[in-house]
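I opened my notebook to look up a few things in this structure, one entry at a time. Follow along with the picture if you like.

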Amino acid sequence: MQGAFSANTSTGNNSFGNAEAYIDLSVGSAGWSGLGYESPAGLDYSMLDDSYYLHFAMKNDDVAAHNTYAIWVGGAKFALGNGAFPDGNNSYPKIGDFPRDGKWYSFDIPVSMLKSMANPLFPDADGGATAYKENAFCALSGGREWQSRHFENILKTSPQS
């Protein structure tokens, strides 16, 4: 993982209710924040057909801020929050939101939906689905200094498994 957040020590239970670590981040400097997972050697995502879902969980207790988050999966870009996420001359469509009450909320987004946002999902210029070298998952959350973000994510085949 790389990005412009500062890492915190997670406290409490993770999104599965277990007393295990999770990703706990704060905006390190006002003006910009982001995180990304990439593999400079390239990873094979070619098995991700329409039977897969992106599953991840988020929690936040910044009631006053109620930031909108931009999430990128390969070339697909979308927003979770009050509305679309503005990023320079681009705007990423809102697909959902969650309360800012300190509880975990899970999202299950079909790969077919991600493909409808970006086709191909993993562009050839970035290694393609068999050797993708860019951010496979990344998030932006605005630039309010020291605001916290909590993430857990995993790709799985169904929301029930």
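**Entry 1: strand β5**

I started with His55, which lies in strand β5. I kept in mind that the model is predicted. Is His55 buried or exposed? With a relative accessibility of 8%, His55 counts as buried, since the cut-off for buried is under 20%. I then asked which side chain His55 makes a polar contact with. The partner is the side chain of Asp108, at 2.8 Å.

Next I moved along to Met58, also placed in β5, which covers residues 53–59. Met58 has a relative accessible area of 1%, so I noted it as buried. Then I looked up Met58 together with Tyr105: they are 47 residues apart in sequence, yet their C-alpha atoms are 5.5 Å apart in space.

**Entry 2: the nonpolar cores**

Then I checked the largest nonpolar core, which holds 28 residues. Which of them touch the most other members? I found Phe56, Ile71 and Leu114. Several elements give two or more residues to this core, including β5, β6 (69–73), β11 (105–110) and α1 (111–117).

Leaving aside residues up to four places away in sequence, Leu114 touches Leu54, Val73, Ala76, Phe78, Ile109 and Leu121.

**Entry 3: strand β6 and its partners**

How many of the five residues of β6 are buried? I noted four, so β6 is largely enclosed by the rest of the structure. Then I looked for its partners. β6 and β7 run antiparallel and are joined by five bridges, and Tyr69 stands opposite Leu80 in β7. The hairpin of these two strands has two residues between them, and in this hairpin Gly74 takes a positive phi near 55 degrees.

β6 also pairs with β12, again in the antiparallel sense, over three bridges. Here Ala70 stands opposite Leu140 in β12.

**Entry 4: aromatic rings**

To describe a pair of aromatic rings, I need the distance of the centres and the angle of the planes. My search of the whole structure gave 12 aromatic pairs. In one of them, the ring centres of Tyr45 and Tyr132 are 6.4 Å apart and the planes are at 70 degrees, so I called this pair edge-to-face. Tyr45 sits in the loop between β4 (34–37) and β5, and Tyr132 in the loop between α1 and β12, so the pair ties together parts that are 87 residues apart in sequence. Tyr45 counts as buried at 19% relative accessibility, and Tyr132 counts as buried at 3%.

I compared that with Phe85 and Tyr92. Their ring centres are 6.3 Å apart and their planes are at 0 degrees, so this pair is stacked. Phe85 is buried, with a relative accessible area of 8%, and Tyr92 counts as buried at 5%.

I also listed one aromatic cluster, formed by Tyr37, Phe56, Tyr69, Phe98, Tyr105, Phe107 and Phe137.

**Entry 5: charges over rings**

Lys77 lies over the face of Trp72, at 4.0 Å from the ring centre. Arg100 lies over the face of Phe98, at 3.9 Å from the ring centre.

Notes
Residues are numbered from 1 along each chain as its sequence is written. This is a predicted model: local features need pLDDT of at least 70, side-chain atom pairs count only at pLDDT 80 or more; totals for chains, interfaces and linings use all residues. Side-chain values use heavy atoms; hydrogens and water are left out. Buried means under 20% relative accessible area, exposed over 50%, partly exposed in between (1.4 Å probe, protein chains only). A polar contact is a pair of N or O atoms within 3.5 Å; within protein, one must be able to donate a hydrogen and the other to accept it, and residues adjacent in sequence count only if both atoms are side-chain atoms. A nonpolar core is a set of buried Ala, Val, Leu, Ile, Met, Phe, Trp, Tyr and Cys residues joined through side-chain atoms within 4.5 Å. Contact means heavy atoms within 4.5 Å. Two strands pair if DSSP finds at least two bridges between them. Rings of Phe, Tyr and Trp (its six-membered ring) pair if their centres lie within 6.5 Å; planes under 30 degrees apart count as stacked, over 60 as edge-to-face and the rest as tilted. A charge sits over a ring if NZ of Lys or CZ of Arg is within 6 Å of the ring centre and within 35 degrees of the ring normal.
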